[in-house]
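Let's take a walk through a protein structure together. Have the sequence and the 3D view open, and follow along one stop at a time.

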Amino acid sequence: MNLKTTIAGVTLQNPVMTASGTFGSGMEYSEFVDLNRLGAVVTKGVANVPWQGNPTPRVAEVYGGMLNAIGLQNPGIDVLMERDIPFLRQYNTKIIVNVCGKTVEDYIEVVEKLGDEPAVALLEINVSCPNVKEGAIAFGQKADALYNITSELKKHARQPLIMKLSPNVTDITEMAKAAEAAGADALSLINTLTGMKIDVHKRKFAIANKTGGMSGPAIKPIAVRMVYQTAQAVKLPIIGMGGIANAEDAIEFILAGASAVSIGAMNFVNPYSTIEIVKGIEDYMKKYKVENFSDLIGAVEG
Amino acid sequence: MKQKQTATVRSQRQLAAQIFDMWIETELAGEAAPGQFICLYPKDKSTLLPRPISICEINEERTALRIVYRITGKGTTEFSVYKQGDTVSVLGNLGNGFPVAKGKEKRVFLIGGGIGIPPMLQLAKELQAQKQIVLGYRSNELFLHNDLERYGQVYVATEDGSAGTKGNVMDAIRENGLDADVIFACGPMPMLRAIKRYAEEKKIPAYISLEEHMACGVGACLGCVVKTKEVDHHSNVHNARICTDGPVFEAGEVEI
């Protein structure tokens, strides 16, 4: 049985990775999970300089999910490269760094620094975080802005680029086509859906930022639909995510057209989620006598 | 080492309005320390996130943990109906506890406000010091004061004056003319701010336990941060993670 999958020329030992922002740089969850068993670790979004992030409360629970507005707090690219990449290099897993910025120049600076680090296999470009006032989603909600940043970063990047798309758009396939036309190597979707929660007893917003990105099992049907539509619209490999809680959920995304999947909020619910899902995909392949994982990609019928 | 395990409920009873007292049998008790916390996971799948709850007491055999918690929503409502023999998923032990050695053989205040009182119990058991235990409640529905009386002199303050000093814990300290060399405290933010100011005036260290809404509990999500005076070693900004760098901080380190 072969669990390998390929994203933009990079072969992963299995299709299960971590969603940016839910797994730190792997260190915290390495107490629970053998990182050697993951297809890839995707690190928390990193900018050219440290970012303080938003005020608290930053997280709130909603029915079947959660809202977050961390605001991309990060220690800056230098700390990531000096501390976190060497930590991850010890493991037999692919390293994918999520990159954020306020301006195109910020992104370029990070992308160029990472170009000197051969241990980083892929870059995921965050053009979809809904919780910051500048940058991020500002580049991901208009097709021309997404085209421009993608083509600009392609000029500076040594590693293949995964553009992480926002679901907070009228038609995600327009964004996917723009990224593809600009030379993106892969897509990941979906980032969180912008939401809001109000505490009616205190008459206050549950999150200091007022709005937050919704994730968790409640958003999964939306994410599956968007992965399917995007897979129909472009040829790029897709990393599917959004509320994946178990192997069946992961396989839904794969049948819809994803070449790999990311586990996000469910790491908080069950820190062993990622490796349990790897095992569950193996069990599914055994049960249905699927020899190659790649045969499942986009294999939904009808 | 942190682990997620299934624990078995040994007993549960109600102590006061909305306040419940549950003992759970878990291996986590073996290495638990005062001021650490555990996360309990509701079974209701609509409630996604774990509930962080402080460790109130560890039994002598170190086979069980006691938690005393307040009902604040769906998750804690679910926990409150658990009966002996029921199981619950628990993640622990989380955070750094109180630095017990800092209080050794000194005059210490153990100050607990409301649902911040529970972690004071295991601390009082382990601390070898001259213990003055100051407890703040809303009303005369007191809880855990009898347990704490075994380990030191207890002073009570109530907001409505129905028991002890009328007012807050700082009023009780003044009214009783108390003094200390070190403070350990847990409670609502206004209380912790008053303690921080008091400790600065008296030039004594205060170790305060903070709380914040959390998602992961293990330092990955950056949901539960507190502003720090200096640049934090891990975040490289003025934010520390309450779940892993805390929940106990020296009051001078944090901007609250």
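## A word to start with

A residue is called buried when its relative accessible area is under 20%, and exposed when that value is over 50%. B:Leu144 has a relative accessible area of 4%, so it is buried. Keep in mind as you look around that this is a predicted model.

Most residues other than glycine have a negative phi, and most peptide bonds are trans. B:Leu144 is one of them: its phi is positive, about 65 degrees, although it is not a glycine. You'll find B:Leu144 in the loop between strand 9 (130-137) and helix 3 of chain B.

B:Glu105 also has a positive phi, about 60 degrees, and it isn't a glycine either. B:Glu105 sits in the loop between strand 7 and strand 8 (107-113) of chain B. Is B:Glu105 buried or exposed? Its relative accessible area is 68%, so B:Glu105 is exposed, whereas B:Leu144 is buried.

## Two cis peptide bonds

Now for the peptide bonds. In chain A, a cis bond joins A:Thr56 and A:Pro57, with omega at about -5 degrees. A:Pro57 belongs to the loop between strand 4 (40-42) and strand 5 (59-62) of chain A.

Chain B has a cis bond too, this time joining B:Gly92 and B:Asn93, and here omega is about -15 degrees. B:Asn93 is part of strand 7 (residues 87-94) of chain B.

Next, zoom in on B:Asp147, which lies in helix 3 (residues 145-149) of chain B. Which residues does B:Asp147 touch, leaving aside its neighbours within four places in sequence? They are B:Arg66 and B:Leu121. With B:Arg66, the side chain of B:Asp147 forms a salt bridge, 3.0 Å from N to O. This pair links distant parts of the chain: B:Arg66 is in strand 6 (residues 64-70) of chain B and B:Asp147 in helix 3 of chain B, 81 residues apart. Both ends count as buried, since B:Arg66 has a relative accessibility of 3% and B:Asp147 one of 14%.

B:Asp147 has another salt bridge, with B:Arg150, at 3.5 Å from N to O. B:Arg150 has a relative accessible area of 57%, so it is exposed.

## Salt bridges elsewhere

Side chains of opposite charge can pair when their charged atoms come close. How many salt bridges does a search of the whole structure find? Over all chains, it finds 24.

Over in chain A, take a look at A:Lys220 and A:Asp249, whose side chains meet in a salt bridge at 2.8 Å, N to O. A:Lys220 lies in helix 5 (residues 220-233) of chain A and A:Asp249 in helix 6 (residues 247-256) of chain A, so this pair ties together parts that are 29 residues apart in sequence. A:Lys220 and A:Asp249 are both buried.

Chain B has an open sheet of three strands, in the order 15-14-17, with antiparallel pairing. Strand 15 and strand 17 (254-255) of chain B each have a single partner strand, so they stand at the edges with one side left without a neighbour in the sheet. Two bridges join strand 14 of chain B to strand 17 of chain B. In one of the pairings to look for, B:Lys227 has B:Glu255 in strand 17 of chain B as its bridge partner.

## Where the chains meet

Last stop: the interface. Chain B brings 35 residues to the contact and chain A brings 37 residues. About 2800 Å² is buried between chain B and chain A, and carbon and sulfur atoms give 57% of that area.

Three salt bridges cross the interface of chain B and chain A. B:Arg51 forms one with A:Glu61, where the closest N and O atoms are 2.7 Å apart. There are also 16 residue pairs in polar contact across the interface. On the side of chain B that touches chain A, the elements giving two or more residues are strand 1 (3-16), strand 14 (225-228) and strand 15 (239-241) of chain B. By class, that side of chain B has 15 nonpolar, 12 polar and eight charged residues.

Notes: Residues are numbered from 1 along each chain as its sequence is written. Chains are lettered from A and ligands numbered from 1 in the order in which they are written. This is a predicted model: local features need pLDDT of at least 70, side-chain atom pairs count only at pLDDT 80 or more; totals for chains, interfaces and linings use all residues. Side-chain values use heavy atoms; hydrogens and water are left out. Contact means heavy atoms within 4.5 Å. Buried area is the accessible area (1.4 Å probe) that two parts lose on being put together, summed over both. A salt bridge is a side-chain nitrogen of Lys or Arg within 4 Å of a carboxyl oxygen of Asp or Glu. A polar contact is a pair of N or O atoms within 3.5 Å; within protein, one must be able to donate a hydrogen and the other to accept it, and residues adjacent in sequence count only if both atoms are side-chain atoms. Helices (H or I, at least four residues) and strands (E, at least two) are DSSP runs, numbered from the N terminus. Ala, Val, Leu, Ile, Met, Phe, Trp, Tyr, Cys and Pro count as nonpolar, Asp, Glu, Lys and Arg as charged, and the others, Gly among them, as polar. Two strands pair if DSSP finds at least two bridges between them. Buried means under 20% relative accessible area, exposed over 50%, partly exposed in between (1.4 Å probe, protein chains only).
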